[in-house]
Amino acid sequence: MPVIASVVSEAHSDPQFCSHNSHEAESKNQKGGEHGDSGSTRKAESKPKRRRKTSFKCDTCGKDFKLKSELTVHMRTHTGENVFTCETCGKDFNQSCNFLTHMRIHTGEKPYSCKTCGKDFRHQSSLLTHMRTHTGERPYSCKTCGKDFRTTSALTIHMRTHTGEKPYSCKTCGKDFRSTSAFTIHMRTHTGEKPYSCKTCGKTFRFHGELTIHTRTHTGERPYPCKKCGRAFRNNRELTIHMRTHTGDNDLTVHMRIHTGERLFPCETCGRAFKRGNALKVHMRTHTGEKPYPCKTCGKDFRSNGDLTVHMRIHTGEKPFTCKTCGKRFITMSDTNRHMRIHHLNKHKEPAIKTVSSPQQSASPTRPRTPTVIEP
C-alpha cells in the first residue's frame with residue numbers, strides 16, 4: 001500500500017529532513033514512470049503541457065505547502081493523529097523527526113558536540129544555547145530593567161519578578177511559584193522524593209548539586225584550591241572555612257571582636273573596616289561590580305554565596321525563620337525581626353486618652369488644666 005510505504009520511508013529519514021524521501025517519491029509520481037507506453041508518451045508530447053499545481057492549502061488553517069506530503073504531515077497537527085510510537089515508553093509522535101529525536105533519550109545518543117569544552121547534546125538547539133555560555137551572548141533583554149538572558153525561558157521566568165505572576169501552585173500547602181523547576185523542588189519537601197542517586201553507594205539526594213558534591217567523596221575530586229597554600233577542597237564552603245586559618249578569622253578570634261570592636265580589615269577604596277577578611281572581600285565587589293554567584297533558575301547574579309542562598313528561597317518557597325508569637329514564616333532573619341517589632345509595639349501600646357480644654361484655659365498658662373476623659 002502506498003501509504004505504508006510513505007510512512008516507512010519517512011521513518012528512516014534523517015531528523016533534519018523529515019519528509020525528504022516522501023517529497024522525492026511524490027516528485028517521481030508527478031513526473032510519471034520511466035517505462036510508460038511509448039505511444040502515450042508521443043501523444044502527451046503533442047498536447048500542450050498542463051500547468052502543475054504549485055501549492056496545497058490546508059482547509060483548516062489556510063496554510064500553504066509546496067508538496068502534498070507536507071500538507072499530509074501538517075494535517076496531523078489538527079487531527080491529532082500520531083503514526084510513530086515509541087516501543088520503549090509508548091509515547092506517540094506525528095512526525096518522524098520528533099520520534100527519532102525522542103529515541104535519543106533511550107539510546108543515550110548525543111550527536112551534537114561543543115568544540116570548546118567537548119560536552120555533548122541531543123538537540124542542535126541545546127548546543128546553540130550552551131555555546132552562549134562560552135561566547136557570553138545574551139540575546140534576550142528585559143524591557144523593564146534591561147537585564148539580558150541566554151534563553152527566552154529564562155527571560156519569561158525573570159519577567160514574573162516584575163509582574164508578580166506565580167502560575168505554579170502547590171495543592172498541598174498553597175504556595176505559589178514562578179517556575180516549574182522551583183515548584184518541582186518544593187514538592188520534594190512534601191513527597192520526600194530524592195531523585196538523585198549515587199551510583200557508588202546508593203545514597204539519594206533532593207538536589208543534583210548535593211549529589212555532585214557527594215560524588216567527590218568517592219572520586220577524590222577537589223576542585224576548590226586554596227590560592228595561598230595550594231590545599232584543595234570538595235566544595236566552596238570547606239574552602240571558606242579553611243581560608244580563616246590564613247586570615248586569622250577563626251571563630252573565637254572573630255567573636256571577641258564583637259566585644260572589643262576591633263576591625264582589622266579596612267577597605268582601601270572607601271575606608272570602611274571589617275572584622276573578617278572574607279567580609280572585606282565581599283565588600284570589595286560593591287566597588288568592582290563583580291557578582292560571581294549566578295542563580296541557575298533565573299540568571300540573576302549575586303556578590304556573595306549567602307545572598308544567592310537567600311535568593312534561592314524565592315524559587316524554592318523555603319521560609320526557615322518563624323515568628324514565635326503568631327507562627328508566620330519568613331525568608332530572612334531581618335524580615336522576622338522586623339515583623340516581631342509589630343508584636344512588641346502592640347504589647348506595650350497604651351489606650352489613647354483624648355483631652356478637651358476650653359479657650360480660656362488655653363489662654364491662661366499658669367492655671368492648671370483639668371483634662372476631660374472621653375470614654376468610648
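User: Which residues does His-339 touch, leaving out those up to four places away in sequence?
Analyst: His-339 touches Cys-323, Cys-326, Lys-328 and Phe-330 on that count. Keep in mind that this is a predicted model.

User: OK. Where is His-339 found?
Analyst: You'll find His-339 in helix α14, which covers residues 333–348.

User: Is His-339 buried or exposed?
Analyst: Buried: the relative accessible area of His-339 is 13%, and the cut-off for buried is under 20%.

User: And what joins the side chains of His-339 and His-343?
Analyst: A polar contact of 3.1 Å.

User: Switching to salt bridges. How many are there?
Analyst: The count comes to six salt bridges. One of them links the side chains of Arg-104 and Glu-109, at 3.9 Å from N to O.

User: What about Glu-290, which residue does it form a salt bridge with?
Analyst: With Arg-285; their closest N and O atoms are 3.8 Å apart. Arg-285 is buried, at 8% relative accessibility, and Glu-290 is partly exposed, with a relative accessible area of 42%.

User: Now the rings. How many aromatic pairs does the structure hold?
Analyst: Two aromatic pairs. In one, the rings of Phe-93 and Phe-99 have centres 6.2 Å apart and planes at 55 degrees, so that pair is tilted.

User: Why does 55 degrees make Phe-93 and Phe-99 tilted?
Analyst: Because stacked needs planes under 30 degrees apart and edge-to-face needs over 60, and the rest count as tilted. The 55 degrees of Phe-93 and Phe-99 falls in that remaining range.

User: Which residues are in the largest nonpolar core?
Analyst: Five of them: Ile-157, Cys-295, Cys-298, Phe-302 and Leu-308. In soluble globular proteins, nonpolar side chains tend to be buried together.

User: What does Ile-157 touch, beyond residues up to four places away in sequence?
Analyst: Ile-157 touches Arg-178, Ser-179, Thr-297 and Cys-298. Cys-298 is also a member of that core.

User: Zooming out, how many helices and strands does the chain have?
Analyst: There are 15 helices and 20 strands.

User: And what share of the chain counts as buried?
Analyst: Of its 376 residues, 22%. The accessible surface of the chain is about 27,200 Å², with 52% of that belonging to carbon and sulfur atoms.

User: Last one: what share of the contacts comes from residues 24 or more positions apart?
Analyst: Among contacts in the chain with a separation of 6 or more, those residues account for 14%.

Key: Residues are numbered from 1 along each chain as its sequence is written. This is a predicted model: local features need pLDDT of at least 70, side-chain atom pairs count only at pLDDT 80 or more; totals for chains, interfaces and linings use all residues. Side-chain values use heavy atoms; hydrogens and water are left out. Helices (H or I, at least four residues) and strands (E, at least two) are DSSP runs, numbered from the N terminus. Buried means under 20% relative accessible area, exposed over 50%, partly exposed in between (1.4 Å probe, protein chains only). A polar contact is a pair of N or O atoms within 3.5 Å; within protein, one must be able to donate a hydrogen and the other to accept it, and residues adjacent in sequence count only if both atoms are side-chain atoms. Contact means heavy atoms within 4.5 Å. A nonpolar core is a set of buried Ala, Val, Leu, Ile, Met, Phe, Trp, Tyr and Cys residues joined through side-chain atoms within 4.5 Å. Accessible areas come from the Shrake-Rupley method with a 1.4 Å probe; for residues, only the protein chains shown count as cover. A salt bridge is a side-chain nitrogen of Lys or Arg within 4 Å of a carboxyl oxygen of Asp or Glu. Rings of Phe, Tyr and Trp (its six-membered ring) pair if their centres lie within 6.5 Å; planes under 30 degrees apart count as stacked, over 60 as edge-to-face and the rest as tilted.
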